Amino acid sequence: MRLVLLGAPGSGKGTQAARLKDYLHVPHISTGDLLRAEVAAGTPLGLQAKEVMARGDLVSDEILLGMLEDRFSRDDTKAGFILDGYPRNLAQAAALDALLAKLGQKFDAAVQLEVDNEQIIDRLAGRAQAEGRADDSPESVRHRLNVYDQQTAPVIKFYRDHGQLTIVDGVGTLDEVFHRILAAIGQAQTTA
Ligand code: B4P
């Protein structure tokens, strides 16, 4: 299964991708996690990304594509993947198409988790308290939501226009959202 998970910041992409990975036995590729690992390791790339992420802006397309090509060069992605946090603008959507075409792959579904802004602000305020992530400050969250509307919403429209989009209600318990995603991608559990 090759899945692209879309949704506003805090919509639960990372949370659900972690569960989907265990269920579908494919790697979870989170561009946010890849970037945070670079920041934590203090690499030149991480130093470049740190301020941009804290502000809530998007890190450059060039850096992201390099990271993604590197990750996709690993053998574990041949059986499938859950891509979380990419693409975030139309240039990245085109780059993803080109990368997958080069690898002779296509994704099976682009799933958008829909959550209203009020709920997102609440969730990220909770995570700010629990984890202290710099980009979960109220100011940065507001900015991230604007960036999402301006740059990522066109990607949703692009996939919708191409008949590749599946929308899932992201409000509910973690289990409820998880089972909605499985149903939407035709992988619902068939327990006796
Ligand atoms: P990401 O790491 O992608 O972060 P996110 O959008 O905040 O996370 P997500 O939607 O996964 O939310 P989560 O499950 O954690 O990006 C961070 C930054 O990295 C970006 O702002 C950007 O700077 C950079 N970046 C990443 N990808 C990039 C790209 N392609 N191009 C350029 N820059 C890029 O959930 C959030 C919270 O909600 C958690 O606390 C969770 O516990 C809670 N939650 C989840 N599901 C819930 C539910 N059903 N009910 C209640 N709470 C729930």
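1. Which helix gives the most to the shell around the ligand? In this predicted model, that is helix 2, with four residues. Helix 2 spans residues 31-41, and together with helix 1 (13-24) and helix 6 (117-131) belongs to the helices that each supply at least two residues of the shell.

2. The shell around the ligand comprises 30 residues, of which Gly14, Thr15, Asp57, Arg127 and Arg144 come nearest. When the shell is divided by residue class, ten of its members are nonpolar, eleven are polar and nine are charged.

3. A polar backbone atom of Gly14 is 2.7 Å from an oxygen atom of the ligand, while a polar backbone atom of Gly172 is 2.9 Å from a ligand nitrogen atom. From a side chain, a polar atom of Arg88 lies 3.0 Å from a nitrogen atom of the ligand. The ligand taken alone exposes 1000 Å², and the protein buries 87% of that area.

4. As for its site, the ligand sits in the largest pocket. Separately, the count of cavities of 30 Å³ or more comes to one, and the largest cavity has a volume of about 30 Å³.

5. The lining of the largest cavity consists of Leu5, Leu6, Gly7, Lys13, Gly85, Tyr86, Pro87, Arg88 and Thr152, and by class it holds four nonpolar, three polar and two charged residues. Strand 1, residues 2-7, gives the most to this lining, with three residues. Arg88, one of the lining residues, also has the polar side-chain atom that lies 3.0 Å from a nitrogen atom of the ligand.

Methods
Residues are numbered from 1 along each chain as its sequence is written. This is a predicted model: local features need pLDDT of at least 70, side-chain atom pairs count only at pLDDT 80 or more; totals for chains, interfaces and linings use all residues. Side-chain values use heavy atoms; hydrogens and water are left out. A residue is near a molecule or strand if one of its heavy atoms lies within 4 Å of it. A polar contact is a pair of N or O atoms within 3.5 Å; within protein, one must be able to donate a hydrogen and the other to accept it, and residues adjacent in sequence count only if both atoms are side-chain atoms. Accessible areas come from the Shrake-Rupley method with a 1.4 Å probe; for residues, only the protein chains shown count as cover. On a 1 Å grid over the protein atoms alone, a cavity is a set of points where a 1.4 Å probe fits but cannot get out, and a pocket is an open set with protein on both sides within 12 Å along at least five of seven lines; lining residues have an atom within 4 Å of a point. A molecule sits in a cavity or pocket if more than half of its atoms lie within 2 Å of its grid points. Ala, Val, Leu, Ile, Met, Phe, Trp, Tyr, Cys and Pro count as nonpolar, Asp, Glu, Lys and Arg as charged, and the others, Gly among them, as polar. Grid points are joined across faces, edges and corners, and a volume is the space filled by probe spheres set on the points.
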